Structures are given as structure tokens and as C-alpha cells.
There are 2 protein chains.
Amino acid sequence: MARTQGSHSDITGPRVRDAALRLFASEGYAAVSMRQIAGEVGVQAGALYNYTPDKQTLLFDLMKAHMDDLLAAWEAEAAPDAPMERLERFARFHIRFNYERADAVFISYMELRNLSPENFEVIEGLRRRYEDQLERILRQGVAQGIFDVAEPKITTMAVIAMLTGVNTWFREGGRLSLPDVQKIYWDMVRRAVMPQGAPNLD
Amino acid sequence: MARTQGSHSDITGPRVRDAALRLFASEGYAAVSMRQIAGEVGVQAGALYNYTPDKQTLLFDLMKAHMDDLLAAWEAEAAPDAPMERLERFARFHIRFNYERADAVFISYMELRNLSPENFEVIEGLRRRYEDQLERILRQGVAQGIFDVAEPKITTMAVIAMLTGVNTWFREGGRLSLPDVQKIYWDMVRRAVMPQGAPNLD
DNA sequence: CTTTGATCTGAACGGGTGTTCAGATAATTT
DNA sequence: AAATTATCTGAACACCCGTTCAGATCAAAG
């Protein structure tokens with residue numbers, strides 16, 4: 001087994017995925033050709049097939065890796081007991097993580113329709129698992145009488161849509177820092193779940 | 001000028017746009033071929049060029065028409081004076097209008113990157129005009145001391161992202177009706193702008 | 001009934017697509 | 001130094017792309 005160390009595959013493999021991620025995000029999966037990806041990496045198109053069985057799987061692997069990272073990163077967060085603190089942790093985590101991986105986030109919900117049905121099911125399942133994390137927090141808060149949320153599932157969808165929306169406009173270097181934005185959004189999330197008439201504790 | 005009345009163009013033109021709208025929404029602009037659109041309409045691909053100069057313009061015209069419709073429909077809504085009532089009107093309008101034109105809404109922000117720079121500027125300008133409608137309501141409410149919104153621009157983005165998210169999960173015929181959903185989302189929007197500690201007037 | 005012209009067909013144009021594969025290349029092991 | 005083999009090239013495959021256009025079609029106008 002010659003050429004295991006110093007092999008180019010350790011370098012080329014990640015470069016293929018990086019190039020595909022960036023190109024898929026900026027131009028769209030269908031609009032990007034294998035030759036274009038190969039060109040970015042500096043190889044011929046045929047060489048890509050040492051790293052992926054086909055274009056579809058390349059897309060799927062990027063999305064799957066992103067969703068796995070997302071779930072792993074959330075599970076690695078220290079989880080406070082109190083629902084209010086957990087919710088704040090979730091809101092800030094979601095904004096930060098999504099901002100750091102804007103390309104992967106973008107692909108993972110823009111290119112869902114380009115997945116085969118089986119691959120779609122996998123990604124969709126992971127996405128639901130992530131949403132369930134938030135829904136569980138909301139239900140816990142409701143059970144403890146801390147949150148006033150009539151429809152936890154819908155509030156889950158609404159909060160995630162709101163938080164994910166940060167990526168459409170926020171760019172570092174502007175008037176507001178990411179922590180500023182996290183604070184503003186957390187404030188809106190908090191209001192959305194707080195019993196009305198509760199005092200402002202700021 | 002023969003064949004002006006009873007001409008097929010009155011029929012074929014809209015059918016081309018309908019087919020393109022549906023196909024672009026479900027498979028994506030780049031993944032849909034002119035032959036595919038033509039097949040849906042029941043003509044050969046060449047015939048499409050009686051109705052659009054090229055594929056890019058076909059996409060742009062669909063998006064432009066949608067944005068024009070959106071702005072016209074909102075301006076046609078009776079506008080109450082009070083910011084709170086105006087905001088409620090906006091939230092319910094946005095959910096209903098977007099639900100009724102799910103395909104056009106989907107295209108109008110999924111396919112932005114497939115527009116030429118000039119076309120992109122046009123659509124982007126219309127989108128900003130729409131967002132400004134909401135921002136103006138928020139600023140009006142703040143000025144009157146009715147809303148507690150520190151960052152009207154950000155709240156605008158957050159509210160629109162939240163409301164637009166309805167389209168990703170809501171389907172008629174489920175447990176909740178569209179009016180149910182409108183009420184739930186309006187409740188969240190109201191909380192997001194209401195001064196905290198204010199009584200629940202439900 | 002002939003003329004007109006809007007509409008559509010069908011073929012063609014140059015070029016791009018994902019994927020395959022025999023053979024060249026070169027780093028590592030023997 | 002020779003043998004091994006992971007990696008890559010370059011050409012080829014069959015097919016699809018957006019767009020053009022000469023000529024067919026046929027309903028309305030004269």
C-alpha cells in the first residue's frame with residue numbers, strides 16, 4: 001500500500017468539499033458544473049470522482065455534515081436547567097452558529113429540492129431533530145408556568161425562521177456587532193414566550 | 001393585422017408564465033429547461049420566444065410581476081390610523097398574500113442569484129419598498145409611544161422573516177385554518193413590539 | 001376567395017453536461 | 001533500483017442546453 005502518507009487525497013478531498021460548498025452557495029447546485037468545481041481545486045473533472053461517487057452525493061454529504069455538526073454543537077453546549085436560560089442559550093447559539101457557517105446553512109435549505117427522496121428524508125429528519133430541541137424547551141417552560149405559549153410547534157417554527165433570517169442581512173463590520181444582534185433577537189424571542197403583563201427585568 | 005382576435009397568444013402567453021412559475025418553484029430556475037416549459041404548455045421550445053426574449057427575462061418578469069402585485073395589494077388595503085391596527089393589518093396581509101402565491105414568493109427570493117445585476121437591483125428595490133412599509137409602521141408606533149422597539153430596521157427584518165416562514169410548513173386542511181395561524185402570528189408580532197409590563201387586553 | 005400575418009413547427013447551431021476509463025505520473029515501500 | 005499503487009490527466013461518451021430561423025399553418029381581414 002504505497003503512497004498512504006503524503007498522499008494528495010488528504011488535501012484534495014477537503015478542497016473539493018470547500019469549493020463545492022462555496023460554489024453551490026453562491027450559484028446554486030444546478031448551476032455549478034463538476035468542471036467548475038474541479039477548476040477551483042486545480043484538477044480535471046475526472047479527478048473529482050476519487051472523492052465522491054457523483055454530484056448528488058457531493059451535495060448530500062455537505063448537507064449531512066452540516067446538520068451533524070449543528071446537532072453536535074448544540075448538544076455540546078452546557079445546558080442550564082431553567083427554561084428561560086436554555087431558551088436564551090438556544091437563540092444565541094443559533095445566530096452564532098448559522099452566521100459562522102452561512103454557506104452550509106444556505107445550501108441546507110435552498111437545495112433540499114435537489115436531493116433524491118431518500119437523501120431528502122435523511123436531512124429532513126435531522127432538521128426535525130434540531131427543531132425538537134427548541135420545542136422541548138418551550139414545552140418545558142410551559143409546564144413550569146414560565147412561558148405563555150399556546151402552540152409550541154408553531155412558535156418553534158416562527159422563532160427559528162426569525163433567527164435564521166439574521167443571515168440574510170447581517171454582515172460584520174457594520175453598526176452592530178454579532179453580540180448586539182444576539183441581544184436584540186433574544187429580546188424579541190423572550191417577549192414572544194413571556195407571559196404578558198410580566199415586569200421587564202432588564 | 002389578421003388574427004388579433006381569437007389569437008392563441010392570449011391563451012399561450014399566460015400558460016407559459018404559469019408553467020414557468022410552477023416549474024421554477026418546484027425544481028429551480030437553473031434545473032428547468034425551456035423544452036420542459038414548452039412541454040407543459042403543449043408547444044415546441046421555439047414557440048416560447050414569441051412570449052419572452054430569453055429565459056432570464058422570463059424569470060425576471062415573473063418576479064417583477066409578483067413584487068408589483070404585492071405592493072399594489074398592500075397599498076389597496078384600507079389603512080387604519082393607529083399603528084397597532086396597521087401592524088395587525090400588515091401581519092395578517094403578509095401571511096394571507098404570501099400563502100395565496102406561494103410559488104411566486106418562493107421564486108422571488110430563492111432565484112435572486114439567477115438575475116442579472118440590473119434585474120437584481122430592480123427586484124431588490126421593490127423588496128426594500130415593501131419592507132419600508134412595515135418599518136414606517138414601527139417608527140410611527142415608536143413615535144407615538146405605543147411600541148417599544150429599539151431597532152425598527154432589525155425588527156422589520158425579523159418580523160418579515162417570521163411571517164414568511166409560515167409558507168414553509170402551513171398547508172390548508174390541517175388542524176389549524178389560515179385565520180388561526182394569522183391570529184397566532186399576530187399575537188407573537190404584537191408581543192415583540194409591545195411595551196413590556198403592559199396588560200394583556202385579549 | 002384571396003391575402004395577410006400572427007403563431008407554431010422542426011431542425012439546426014455551437015456549446016456545455018455528468019460520468020467513465022485507459023494510460024501517464026510520481027511518492028512510497030520493498 | 002524496482003515494484004507498487006494512489007492519484008490525476010485527457011479524451012471520449014451520450015445527451016441536454018438556450019436560442020435561431022426558414023417554412024408550414026390557418027384564422028381573420030379585405
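This is a predicted model: local features need pLDDT of at least 70, side-chain atom pairs count only at pLDDT 80 or more; totals for chains, interfaces and linings use all residues.
Q: How many helices and strands does chain A have?
A: Chain A has nine helices and zero strands, and its C-alpha trace spans about 70 × 40 × 35 Å along the principal axes. Of its 202 residues, 50% count as buried, where buried means under 20% relative accessible area, exposed means over 50%, and partly exposed is in between, using a 1.4 Å probe and protein chains only.

Q: Which residues of α3(A) are buried?
A: Among them are A:Phe60, A:Leu62, A:Met63, A:His66 and A:Trp74. A:Phe60 is touched by A:Asn119, with contact meaning heavy atoms within 4.5 Å; those two residues are 59 apart in sequence and 6.7 Å apart in space, C-alpha to C-alpha.

Q: Where does A:Asn119 sit, and is it buried or exposed?
A: A:Asn119 is in helix α6 (residues 117–143) of chain A, and it counts as buried because its relative accessibility is 15%. Leaving out residues up to four places away in sequence, A:Asn119 touches A:Gln56 and A:Phe60.

Q: What does A:Arg92 touch?
A: A:Arg92, which lies in helix α4 (residues 83–100) of chain A, touches A:Pro179, A:Gln182, A:Lys183 and A:Trp186, again not counting residues up to four places away in sequence. A:Arg92 counts as partly exposed because its relative accessibility is 26%.

Q: Switching to chain B: at what angle do the axes of α3(B) and α4(B) cross?
A: The axes of α3 (residues 55–76) and α4 (residues 83–100) of chain B cross at roughly 145 degrees and come within 11 Å; axes are lines fitted to C-alpha atoms, for helices over the stretch in contact, and angles run from 0 to 180 degrees between N-to-C directions.

Q: Which residues meet there?
A: From α3(B), B:His66, B:Asp69, B:Leu70, B:Ala73 and B:Trp74 meet B:Arg86, B:Arg89, B:Phe90, B:Phe93 and B:Phe97 of α4(B). The residues of this contact divide into six nonpolar, one polar and three charged, counting Ala, Val, Leu, Ile, Met, Phe, Trp, Tyr, Cys and Pro as nonpolar, Asp, Glu, Lys and Arg as charged, and the others, Gly among them, as polar.

Q: Which other residues does B:Ile137 bring in, if I look at what it touches?
A: B:Ile137, in helix α6 (residues 117–143) of chain B, touches B:Trp74, B:Pro83, B:Arg86, B:Leu87, B:Phe90 and B:Phe147, not counting residues up to four places away in sequence. B:Ile137 is buried, because its relative accessibility is 1%.

Q: How much area is buried between chain A and chain B?
A: About 3,100 Å² is buried, of which carbon and sulfur atoms give 58%; buried area is the accessible area (1.4 Å probe) that two parts lose on being put together, summed over both. The contact takes 39 residues from chain A and 39 residues from chain B, and A:Arg113, A:Arg191 and A:Gln196 supply 26% of the area that chain A buries against chain B, more than any other three residues.

Q: What does B:Arg191 touch?
A: B:Arg191, found in helix α9 (residues 178–193) of chain B, touches A:Asp148, A:Arg191, A:Ala192, A:Val193, A:Met194 and A:Gln196, with residues up to four places away in sequence not counted. B:Arg191 counts as buried because its relative accessibility is 7%.

Technical notes. Residues are numbered from 1 along each chain as its sequence is written. Chains are lettered from A and ligands numbered from 1 in the order in which they are written. Side-chain values use heavy atoms; hydrogens and water are left out. Helices (H or I, at least four residues) and strands (E, at least two) are DSSP runs, numbered from the N terminus.
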